[in-house]
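Hi everyone, thanks for coming. Please have a look at the model on the screen, and then I'll walk you through a few places in it.

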Amino acid sequence: MSASHHTTIIILLLSNAIKAGTILLFPTIGEIFAERVGILNLGVEGMMLIGAFFGFIVTRLTNNPYLGFIAGVLAGGIASLIHAFISITLRGNQIVSGLALTIFGAGFTTFYGQRWINMNLSASFENLKLPVLSNIPVVGSILFNQDIIVYFSYILAFVMWFILYKTMIGINLRAVGENAKAANAMGINVYRVRYIWTFFGGLMAGAGGAYLTIGYAPFWLDGITAGRGWIAIALVIFAMWDPLKAVVGAYLFGSINALQFQLQATGTTIPSAILNMLPYLVTFIAIVLTSIIVKAKHIRPPKELGIPYSREEK
Amino acid sequence: MIYFEKRENISAKLKIVIPIVSLLIGILFGALAIVVVGINPYAVYKSLFVNAFGSWYAFSETLVAATPLMLITAGLILVFKMGIWNIGAYGQYIMGAILSSYFAIFMPPEISKPLMLILMFAGGAIGGAIWAVIPAIFKVFWEVNEVITTLLLNYIALYVLKFLMYGPWKNPKSFGFPLSKPFPSSAQLPVLFEHTRINLGLAFALISIIAVWFIIKKTNFGYEVRVIGNNPTTAKYAGISVGKNIIIAMAISGALAGIAGMVQVSGIIHFLQVKINANYGYTSIIVAWISYLNPALCLLSSVLFGGLESGGYSIQISMRVSYGIVGLIESIALFSIVGAQIFLNYKLRWKK
Amino acid sequence: MKKFASLILVVFIVMFGIGYTSQAKNSKIKVAFLYVGPHNDGGWSQAHDEGRIYLQKHLPYVETAYSESVPEGAPCEKIIRDYIHKGYKVIFGTSFGFMDSMYNVAKDYPNVIFEHCSGYKTRKNMGTYFGRMYQADYLSGLVAGMMTKTNYIGFVAPFPIPEVIREIDSFTIGAREVNPKVEVHVIWTNSWFNPVKERSAAETFIANKADIIASGCDSPASIEGAKKAHIFAIGYDRDNYAKFPNTLLTSRIWHWGVFYTKTLKEIHNGTWKATQYWGGLKDGIVGLGKFGNKVPKKVRNYVLKREKEIIDGKLKIFEGPIYDNKGKLMVKKAQELSDKDKLSLQWFVKGVVGNIPNK
């Protein structure tokens, strides 16, 4: 086979890897911000399911994928408020509340989703070639021949990185996750900041789910996220709580999957169970390595991650 | 404005009332969710109860489901008390099942039953412990967040199991299906009550609960665990080796999850396959929390959740409702229990 | 703590009361179905559920019920026993993973009839049933072989078990009969149901210039992928022609209702015996779905001709010479692979690009 033939395959595979990675990118960015203000939300999988479910229903009813996407995003956000209320206002245990949210999302969508199974969407997101940019060799066809939601995720990742590191909002929200008492002394409303960014985390999980059912599948079935919410949580650490590194992580994960499928399609003798394990194993090793490096560099998880805050106590 | 005020002391009455009230709230919201789709919630709950506790057979099946929950929860209580969040019981359970099955599959079946079962028991404990100690070491030496590593190790364990079942451990006589050789009778845990599936595993579970209670209350290690849980920094200043204790506690927790996996394959399934109900690992996290990390209460909540798991599937039969309802009820009850915990320590106050 | 325990117990008892409600007597035969997925999953379980509805419609003396998303492994046994306690006399288990649970319960209830789909363990009161789907796979392979232009066909496969390997092999035999240049590439997803993986697998094939995607997995994700890339797909489980008239070439579909009515008639007449039923095109338990709009008349006629030859017993799909994909002669000329070997098939035929772990 010619070299150009290989290049075409790689371009197509990576371009798909970006789409698959986008499903992970949204929730990863969302969870980064929730954790940055000190709220660990293990309910990502549940919120994604809820976003996926409502995104699908609204698209189906309105034939408008954009309305559907917005509905999915909002549904994810609303689901996150349960977790916010329990862990911020009631100061409940975040791990258990998050797990409950995941069970809730699965139970809710299975219970109410019965009549929506096995239906199709007539409208989805179409690819949009960006002028000029898409003409860049290789990279252009991988990154700039995508649908509008993917472009939205590029902008979002950059904007959120900017907010986190370059604005007052970012300084304040990081302060809340590092030392809530000190933040309060600085005049920041800790409760409000935590609510806002936990809600943002939910919106983003909803976005990932909605993109899955509207843009990727496109149909609804029980448990359609198949564990992607958990991967997003793992990617947060891989990304060291940085939205731009989340982009790398999400696409890398998508690419590893594409790579192992490509290996299979060309007849490798490596057992497929091992290949299927690869993304998890690589993430595991990457997390361990980053954590070791992180420690050396004095970057670490937000100090008060998972710790409830109460204004009344000293 | 409404705010919370810390209680001076926690009354025993509240300790009983709050969980019950929050459970009732959960049941009530669950009922609302069911009403929406036009099904009678009373009938659903009744059917759930009957299918979980309504007869000796139903109750025996509830105990069968409760056994792994008790084993895993007992271990989780120990690590949760230290503030270590092992959510890898799923993977530890699988690794325990794999290592104990190794003996059942590859040892000559003639060896005596006690020896075989001891080997399998040890295999289960060691398999689970190794899978828990790995993240513990990373946690202690490099501060790698254990929530994430234990979670990922769950997936890796699952694929190790799949690899073995579709590859080297597949029974050549199973027409290529992913099952191991059936365990010889020497590798099967004895049944305790005739005509049920309750086996010696239940005894393991009860003993482990007592052992964990004893460790926490009566040993120096248990004391240190509690101190670390209250405040790791204080513990360090008090000269407690936090790292060593974390690794030991994780090893115990993983070992118990591994034993649960061994009990499942040796006592219930009698061969190794991909579907060995490792989800007990996740349910146990909930059970541990609902028990307020109290070993005695863990017994009760394991039975309750065992009933929910085992009765839940059966309500489909009588009520024709989707299994999703069980998750719905379970999660709502959980939300209200976690949320209500604050009222143990705080009073609700109103200030203008 | 005791107080807490008894209080909870009291609450439960007060709220719900105890005891099984007695069932009204009726003379209908009560039949229960266990599905591994939702009854309307659009795939495997729905195909069985359509069979159940067919049965219900055709035999007035039958009453049916089903449990969906039944977990394989330990909890399955209780569900079966619950059905039996409620007076169900016939249990159909529609997933391989139910085998040992059914086998265990069958021992305790000699008067209840068990039929297990796709397994191999039987008792006096427990039979097995399955369909020779490989015949339909072969026919769909003919269609694919004649329709491909790139000679690259992708097969999205769930697990490396004989059932699936048989599908891929017979499909490839069909495709290469009409087009020896065809290669069938295989990706294992290691899951019956994982839409994102199935879709990614399909995309991988598409990137490699595949122009037809076949699938043995239970979600329609790979068909959606083919539709989006404007190439063809071969469906599985049920006929999705109405949804994908221009994407699907044809589908390999199950008609379980045929077997369910046959079995219930035998039970009703008292002639039922536990057998290992393995019906094919002739019995109507498997078949091809509608041809897609893009399939020309010439192709359809050839496929229908071969279908008739299979039904008449003139054409045997696994007849030698058959080489495996490493070039070794596996079935000698004029010999046919025995049913036993078909049921434990662990090698790929020539033309398949893929790997079976540790044969």
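Let me start with our words: helices (H or I, at least four residues) and strands (E, at least two) are DSSP runs, numbered from the N terminus. This is a predicted model, where local features need pLDDT of at least 70, side-chain atom pairs count only at pLDDT 80 or more, and totals for chains, interfaces and linings use all residues. Residues are numbered from 1 along each chain as its sequence is written, while chains are lettered from A and ligands numbered from 1 in the order in which they are written.

First stop: C:Ser69, in the loop between strand E2 (62-67) and helix H3 (75-85) of chain C. Its phi is near 50 degrees, a positive value in a residue other than glycine. Is C:Ser69 buried or exposed? A residue is buried if 20 or more other C-beta atoms lie within 10 Å of its own, exposed if 12 or fewer, and partly exposed in between, with C-beta atoms placed from the backbone. C:Ser69 is buried, because 20 other C-beta atoms are within 10 Å.

Now to chain B. B:Glu143 sits in the loop between helix H5 (113-142) and helix H6 (146-166), and its phi is also positive, near 55 degrees. This residue has 14 C-beta neighbours inside 10 Å, so B:Glu143 counts as partly exposed.

Back in chain C, strands pair if DSSP finds at least two bridges between them. Strand E1 (residues 29-34) runs parallel to E2(C), joined by six bridges, and C:Leu34 stands opposite C:Ser67. Four bridges join E1(C) to strand E3 (residues 90-93), also parallel.
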